[in-house]
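Subject: A structure for you, with notes on its salt bridges

Hi there,

Here is the structure I promised to pass along.

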Amino acid sequence: MITRLFHQRWFQIFAGGILLFVITEQALRLTGNPNYFPTVILLGAFIVPVTFVSYFYEHVRDRDISQSLLITAFLAGGMLGLAAAGVVEYGALQKMSIGALFGVGFIEESAKLIFPIAMYIGWRYRHEADGLIFGIAAGMGFAALETMGYALVTLIQSRGDVATLEQVLFLRGLLSPAGHATWTGFVCAILWYEREMKGRITINFPVIGAFLLVVLLHALWDIVASLGRIPQSGFIITIIGNTVLALISLSLVIWRFRKARARILQSDQSQ
């Protein structure tokens, strides 16, 4: 089983990325050369997102989705989503109220759909598996670029504290699969599935319900995270709350992953 794992592309990406990160991080600590900071931030922000996308691409992809298109979905989807969300939600971020956090969730979940919706309207990629891949790629691109932003701000505010930087990269990298990627992937999977069933572009109750559900999960995630600023009890509530929300979010995308994979296997057997 271990030998088989080493032959998996997603694991090779993960192991190779971790090795490069450790080498670069150690070089930074040994030399104190600030030129290493961009590489450390880049690797720390991208290792888990790229690994996550690669895993789903290997296990549920439609044969028509090329690696170049997948990379485009990751980078362009993430950049478009992050830029749009940053501009639109600027006002909401000035006041971190409960209503504002729900607004942020709505804006970011909408922005991340820009690239996947372009693929959806194009009609060429018609299966639920396609939507799942596009959604996960755009969501993870968004998460990786957002992590780079947080890491850079942390680096500046901490005046170059490597330990603080690593803490941000580790925490956001560890949590990234349970956030943006699962939410956007779930919505896109439902969106593509409904069109596949109806044979036309469809925005119905399941699609709207899926979108509102991920907006709710996103807002609750931010609300729970904000409780971490409360001494003692707030930190415990944040850990428990984020764990519960992460399990719910991952369960949703795993459910659609299994549905999409089963449909692919069924289609292959019927041919």
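By salt bridge I mean a side-chain nitrogen of Lys or Arg within 4 Å of a carboxyl oxygen of Asp or Glu. With that definition, searching the whole structure turns up 6 salt bridges.

Before the details, a word on the source: this is a predicted model, where local features need pLDDT of at least 70, side-chain atom pairs count only at pLDDT 80 or more, and totals for chains, interfaces and linings use all residues. Residues are numbered from 1 along each chain as its sequence is written, and side-chain values use heavy atoms, with hydrogens and water left out.

One of the pairs is Arg29 with Glu166, at 3.1 Å from N to O. It connects distant parts of the chain: Arg29 sits in helix H2 (residues 9-31) and Glu166 in helix H8 (residues 162-175), 137 residues apart. Helices here are DSSP runs (H or I, at least four residues), numbered from the N terminus.

For exposure, buried means under 20% relative accessible area, exposed over 50%, and partly exposed in between (1.4 Å probe, protein chains only). Arg29 is partly exposed at 44%.

Glu109 and Lys112 also pair, their closest N and O atoms being 2.9 Å apart. Glu109 is buried at 2%, and Lys112 is buried at 0%.

Glu194 and Lys198 form another salt bridge, at 3.2 Å between the closest N and O atoms. They lie 4 residues apart in helix H9 (residues 180-198), so about one helical turn separates them. Glu194 is buried at 9%, whereas Lys198 is partly exposed at 40%. Elsewhere, salt bridges with shared partners join Glu25, Arg29 and Glu166 into one network.

Best wishes

Notes:
Helix = DSSP H or I, 4+ residues; strand = E, 2+ residues; numbered from the N terminus.
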